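I opened this structure for the first time today and kept notes as I went. Come along and look things up with me.

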Amino acid sequence: MKDSFSKMHPLVSFVFFAAVLFFSMFIMQPVCLAVSALCALTNAVVLNGRRTALFSVKFLLPMILIITAVNPLFNHRGATILCYLPWNNPLTLESVLYGAASAVMISTVALWFSCVNRVITSDKVVYLFGRITPSLSLVLSMALRFIPRFTAQFKQTREAQAAFSINGRQTLTGRFKAAVTVFSVMVSRSMENAVETSDSMKSRGYGLKGRTAFSPFRFYKQDAAVLAVVLTESGALLALLLCGKLPFRYFPSVHGELTDGFAILYYCLYAALLLTPLFILLGEGIKWKRLQSNI
C-alpha cells in the first residue's frame, strides 16, 4: 500500500531525500548519528514494511561489527592507547569509536537508500530530469527498473529449471549445470528485453524534437507547504552547522559538546526533518478519522 508521502510531488521527495542523505553522510556527531539511524529505521518500517526493514537490519548489523573491528587494525590515530596489537601497532579508543561511527553512518545511508528506492520510482526520475538531462534520466530509470525486474525473472527461470531437472540438481555437478543454464537464459532474456525496449522507444518517437510526454504529477498546495518546511529546516540545520554550533572531533582525542542549547536545538530540528514522512502519514490519519466521525 502506498503511503501519503509517496503520493506527493516528485520534487518534494527528491529535495527531502537529498537533504537527508547530505546530512546523514557528512555529520559524524554521535547523537546525530543515533537520531539519523533511528529515523531511518522508522521510515524504512513505514515505507517498506516491518519484514523488509528487519531483513535489512539483519544484513546491516554484521556489517557494522565488521567495520568497527577492521578499522582499528588499519587506523592507529588517537591519543588514548588501549593496548598494542601483535604487530606492535597501537589500538586506540579514538579509532574504535570512529570505526563504530563510520559503520553506523554507512548502515544509515543504506537504510535511507532503501526508502529512496521505494518512493522515487523510475517514472519520477524521468519526470524530474527528463527535460534537463534526457539521457541521464533514461539511464537512471532503466537502472532502477532493471534490478527488481532481473530478480523476478531470475526467480521464474530458476523455478522453471528446477521443475524440469529435479534429479539432476541433487548432485554438485547437476547444480553447477543448472546455475550455468539459468545464467545463460538470463543473459538471453536481458538482451531480448534491451532490443524490445529500443524498438518501443523508437516507435514512440523518443529523441525527436518537440516530442511531449504525459505526466500524472501535479504540484498542489500541500506539496508547496511540505517543500517549504523541508527547505526551512534544511537551511536552519546547514546554517547551524556552518556556524560551528555542532563541534565534535574524534582525533587526536574525542572532544565535543553534546548537551548545550544549540546542540539540543539541532537534534530537534534534525529529528523533525527526518521524520517528515511519518508526520505526513499521521496527519493524513487524523484527517481521515475526522472525516469518518463527521459521517
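**Entry 1: rings**

I searched the whole structure for aromatic pairs and found 12. I counted rings of Phe, Tyr and Trp (its six-membered ring) as a pair if their centres lie within 6.5 Å, with planes under 30 degrees apart called stacked, over 60 edge-to-face and the rest tilted. Before going on, I noted that this is a predicted model, so local features need pLDDT of at least 70 and side-chain atom pairs count only at pLDDT 80 or more, while totals for chains, interfaces and linings use all residues. I also noted that residues are numbered from 1 along each chain as its sequence is written, and that side-chain values use heavy atoms, with hydrogens and water left out.

I looked at Phe-5 and Phe-17 and got 6.0 Å between ring centres and 75° between planes, so I wrote the pair down as edge-to-face. Phe-5 belongs to the segment before α1 and Phe-17 to helix α1, so this pair links distant parts of the chain, 12 residues apart. My helices (H or I, at least four residues) and strands (E, at least two) are DSSP runs, numbered from the N terminus.

Buried or exposed, I asked of Phe-5? Phe-5 is buried at a relative accessible area of 1%, and Phe-17 is buried at 2%. My cut-offs are under 20% relative accessible area for buried, over 50% for exposed and in between for partly exposed (1.4 Å probe, protein chains only).

I then turned to Tyr-98 and Tyr-250, whose ring centres are 5.5 Å apart with planes at 75°, so this pair is edge-to-face. Tyr-98 sits in helix α4 (residues 93-119) and Tyr-250 in the loop between β3 (248-249) and β4 (255-256), a link across 152 residues. Tyr-98 is partly exposed at 29%, whereas Tyr-250 is buried at 9%.

Which residues do ring pairs link into a cluster? I listed Phe-22, Phe-23, Phe-26, Tyr-266 and Tyr-270.

**Entry 2: charges over rings**

I checked for charges sitting over rings (NZ of Lys or CZ of Arg within 6 Å of the ring centre and within 35 degrees of the ring normal). The charged end of Arg-77 is over the ring of Phe-251, 4.3 Å from the centre. Lys-245 has its charged end over the ring of Phe-262, at 4.5 Å from the centre.

I stayed with Phe-251 and found a cis peptide bond joining it to Pro-252, with omega about 0°. Pro-252 is in the loop between β3 and β4.

I also stopped at Asn-88, which has a positive phi near 70° although it is not a glycine. Most residues other than glycine have a negative phi, and most peptide bonds are trans. Asn-88 lies in the loop between β1 (81-84) and β2 (90-92), and it is exposed at 62%.

**Entry 3: cysteines**

How many disulfides does the structure hold? I found 0, using a limit of 2.5 Å between a pair of cysteine sulfur atoms. For Cys-32, the closest cysteine sulfur is in Cys-39, 11 Å away, which is too far for a bond. Cys-115 is in no disulfide, with the sulfur of Cys-39 nearest at 11 Å. I marked Cys-32 as buried at 1% and Cys-115 as buried at 0%.

I found Ser-13 in helix α1 (residues 10-26), buried at 0%. Leaving aside neighbours within four places in sequence, Ser-13 is in contact with Phe-5, Val-119 and Ile-120; contact means heavy atoms within 4.5 Å.

Phe-154 lies in helix α6 (residues 134-164) and is partly exposed at 31%. Beyond neighbours within four places in sequence, Phe-154 is in contact with Val-182 and Met-186. I compared its position with Leu-265, 111 residues apart along the chain, and the C-alpha atoms are separated by 49 Å.

Ala-272, Leu-273 and Leu-274 of α9 make the contact with Thr-276, Pro-277 and Phe-279 of α10.
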